[in-house]
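Subject: Structure handover

Hello,

My notes on it follow below.

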Amino acid sequence: MITKTQAPYLAPEWVEASEKIKALAHPIRLYIIALLKTQKEMNVTDFQNELQLEQAVVSHHLNLLKDRNILECRRDGRNMYYSLKSKKVLSVLSCIETALD
């Protein structure tokens, strides 16, 4: 009998991959990634203007992406600037865009 701790699909790399995919599975977060594809980094106000959403909503989505190691951020005074932690996530975005064509 195989227990959950022995199941190969529960290996850390598969769990991490599924968490990242779940984080991307929202239109706002996908659009954030698309924005960062063309912009090196953006601050929360930039995202608010692009997304036409309140600061709290934007921050929620940015923090979720940061917590899943998809984005990284830096502080400059009172502003937080976000950028892609790795360009690898752009291949996922590319697959999604191709599938939609």
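Salt bridges come first. The count for this model, which is a predicted one, comes to five salt bridges. Side chains of opposite charge can pair when their charged atoms come close.

Take R68 and E19. Their side chains meet in a salt bridge, at 3.5 Å from N to O. The pair links distant parts of the chain. R68 sits in the loop between helix 4 (55–67) and strand 2 (71–76), while E19 belongs to helix 1, and the two are 49 residues apart. How accessible are they? R68 has a relative accessibility of 29%, so R68 counts as partly exposed. E19 comes to 27% and is therefore partly exposed.

Next, E97 and K37. These side chains form a salt bridge with an N to O distance of 3.4 Å. K37 has a relative accessible area of 44%, so K37 is partly exposed. E97 counts as partly exposed because its relative accessibility is 33%.

Then R74 and E41. Their salt bridge has an N to O distance of 2.5 Å. R74 lies in strand 2 and E41 in the loop between helix 2 and strand 1 (42–43), so the pair ties together parts that are 33 residues apart in sequence. R74 is partly exposed, at 37% relative accessible area. E41 is partly exposed too, at 27%.

Some of the salt bridges share partners. Which residues do they join into one network? E19, K22 and R68.

One more number for E41. E41 and H26 are 15 residues apart in sequence, and their C-alpha atoms are 20 Å apart in space.

Now the overall layout. The protein has five helices and three strands. Along the sequence, the pattern reads α-α-β-α-α-β-β-α. The C-alpha atoms fill a box of roughly 55 × 35 × 20 Å, taken along the principal axes. How many of the residues count as buried? The figure is 28% of the 101 residues.

On to helix packing. Two packed helices are described by the angle between their axes and the distance between the axes. Helix 2 (residues 27–38) packs with helix 3 (residues 44–51) at an angle of about 115 degrees. Their axes are 11 Å apart. Helix 2 and helix 3 are therefore roughly perpendicular to each other. Their crossing is right-handed.

Helix 3 also has a crossing with helix 4. Those axes come within 9 Å and cross at roughly 110 degrees. Helix 3 and helix 4 are therefore roughly perpendicular. How does helix 3 pass helix 4, in a left-handed or a right-handed crossing? The crossing is right-handed.

Two backbone angles are worth a look. Most residues other than glycine have a negative phi. Q52 is not a glycine, and its phi is positive, near 55 degrees. Q52 is found in the loop between helix 3 and helix 4. Its relative accessibility is 70%, so Q52 counts as exposed.

N69 is not a glycine either, and has a positive phi of about 60 degrees. Where is N69? In the loop between helix 4 and strand 2. At 38% relative accessibility, N69 counts as partly exposed.

Last, the surface. Which residues make the nonpolar patch of about 290 Å²? They are Y9, L10 and V15. L10 is in the segment before helix 1 (12–24). L10 counts as partly exposed because its relative accessibility is 39%.

- The salt bridge of R68 and E19, at 3.5 Å.
- The salt bridge of E97 and K37, at 3.4 Å.
- The salt bridge of R74 and E41, at 2.5 Å.
- The right-handed crossing of helix 2 and helix 3.
- The right-handed crossing of helix 3 and helix 4.
- The positive phi of Q52.
- The positive phi of N69.
- The nonpolar patch of Y9, L10 and V15.

Best wishes

Methods: Residues numbered from 1 in each chain as written. Predicted model: local features only at pLDDT ≥ 70, side-chain atom pairs only at ≥ 80, totals over all residues. Heavy atoms only, no water. Patch = residues over 30% accessible without salt bridge, like charges linked within 9 Å, V, L, I, M, F, W, Y side chains within 5 Å. Areas by Shrake-Rupley, 256 points an atom, 1.4 Å probe, with all protein chains shown as cover. Salt bridge = Lys/Arg side-chain N within 4 Å of Asp/Glu carboxyl O. Helix = DSSP H or I, 4+ residues; strand = E, 2+ residues; numbered from the N terminus. Buried < 20%, exposed > 50% of the residue type's maximum accessible area, 1.4 Å probe, protein only. Axes fitted to C-alpha atoms, helices over the stretch in contact; angles between N-to-C directions. Parallel < 35°, antiparallel > 145°, perpendicular 65-115°, else oblique. Left-handed = near helix turned anticlockwise from the far one by under 90°.
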